[in-house]
Amino acid sequence: MTFRALPQELIRAKRDGQALSPEAIGELVGGIADGSLSDAQVGALAMAIFLNGMNAAETVALTEAVRDSGEVLAWRGLGEGIDLPGPVLDKHSTGGVGDLVSLVLGPWIAACGGYVPMVSGRGLGHTGGTLDKLEAIPGYDIAPTRERLRTLVREAGVAIVGQTAELAPADRRLYAIRDVTATVESLPLIVSSILGKKLACGLDALVMDVKSGSGAFMPTHEASFELARTIAEVASRAGTPTTALLTDMSQPLAPCAGNAVEVREAIALLTCEKTGEKSGDKSGGRLLEVTRTLAAELLLAGRLAENRDAALALLDERLASGAAAERFARMVAGLGGPADLLERPERHLPRAPVVRPVHAARSGRVTRMDTRAVGLAVVTLGGGRRAPSDAIDHAVGLTGIAALGDAVDGERPLAWVHAASEADAERAASQLREAIEVNDVAPGDVVLPTLIQDVIRREAP
Ligand code: URA
């Protein structure tokens, strides 16, 4: 990278609280990507941004520079028969527990006429990762060639895969340095990191699911709201219309958490076992509501529906008809997984050797949950990583997790634990009893959090 001013002068300006120009930010990010900025300079820059923040224009410039630091996928102008005939849409979440929205939403949007090239990540801390869940499916290849990815997105409408080295390389280096320089928790750095990667996928619209509550990435409701607002604002100013939803993570979104168990849950939802289309029992719950709401926002942003009612009607029809399930099956088979996964999940998904209920120490109702601790119980079981190099056990996890307000007793457990050994099960059981508060209260006395707390829509300028 050729700098018009010495990089240390640009770092000095940020250190002293000045705003950087888009050109200066472009040069600094170029230097991060090509290595002409040293680790020390990147760390100093990150700390200067952490301490002094960035204004909106700087954050937009930083996001665009991270996006453009590597390959930006293009889906049009490629030629007849290759161009996608519909909008390119995607969703991203700040991460949670039992949050398997991506597994359901991607194929569902594809069944409604959208195209979803979804680049997903691995579990981080207490949160699960979509890639780890998909790797519970034998043969599923999270790193197809670019050509295979293109073909699959065109033919199945959806491909959920991992990040490549070519996509937003500046973020890969910057994130690794932030991780060891105490500079992760900075709004402009978080926003440009999340969006830089997502916008490099060549999207026409994005929907963000920002979590709030005891299992959320941000520590307070106010911080979650500020992240949601900033993401919607910055992405839209960078040219991608974005809607951010603020959703509740004060309990796991699905009644399960883990890898194979969440894939099973996704299949149950897509094949309508959970929505009750087959059984007459409407029990898809919070997971279905959040997924359906996010999906409706994407259909509106992608102009695949005229209004919210039409979007919801289209979604319901494509779920009930089996079209969304069929897209999921096509994606799995197209990426090397079993062709009959939906028909015979039990044949293919791993099962833990020990499965047993965890009962609360007393009878009563669930009044509060430390959702982060529930996620950490899954990590303890081996379903998540303590260090990036750890292997994970896809079979372990939790199912039948009681929800806030549910009655629990000697019959109804707090959850079922799926473990590799009795000792692991016992350890996770203690963690769960600590994480889930049970009190002797009347049903109406448990205040249930609002599931969808805010919707922030921003058009591109
Ligand atoms: N996720 C990201 O991709 N980047 C951040 O900075 C934080 C969460």
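Helices (H or I, at least four residues) and strands (E, at least two) are DSSP runs, numbered from the N terminus. This is a predicted model, in which local features need pLDDT of at least 70, side-chain atom pairs count only at pLDDT 80 or more, and totals for chains, interfaces and linings use all residues. Residues are numbered from 1 along each chain as its sequence is written, and side-chain values use heavy atoms, with hydrogens and water left out.

**Salt bridges**

A salt bridge is a side-chain nitrogen of Lys or Arg within 4 Å of a carboxyl oxygen of Asp or Glu.

| Pair | Closest N and O atoms |
|---|---|
| Arg15 and Asp16 | 2.9 Å |
| Arg122 and Asp132 | 2.7 Å |
| Arg229 and Glu226 | 2.6 Å |

Arg122, in the loop between strand 2 (116–120) and helix 6 (130–134), and Asp132, in helix 6, are 10 residues apart. Asp132 is buried because its relative accessible area is 3%, whereas Arg122, at 34%, is partly exposed.

Helix 10 (residues 221–237) holds both Arg229 and Glu226, 3 residues apart, about one turn of the helix. Arg229 is partly exposed at 29%, and so is Glu226 at 30%. Salt bridges that share partners join Arg122, Asp132, Glu135 and Arg385 into one network.

**Val396**

Val396 sits in the loop between helix 16 (371–381) and strand 9 (397–399). Its relative accessibility is 0%, so Val396 counts as buried. Beyond its neighbours within four places in sequence, Val396 has contacts (heavy atoms within 4.5 Å) with residues including Gly258, Ala352, Leu381 and His418.

How values were computed: Buried < 20%, exposed > 50% of the residue type's maximum accessible area, 1.4 Å probe, protein only.
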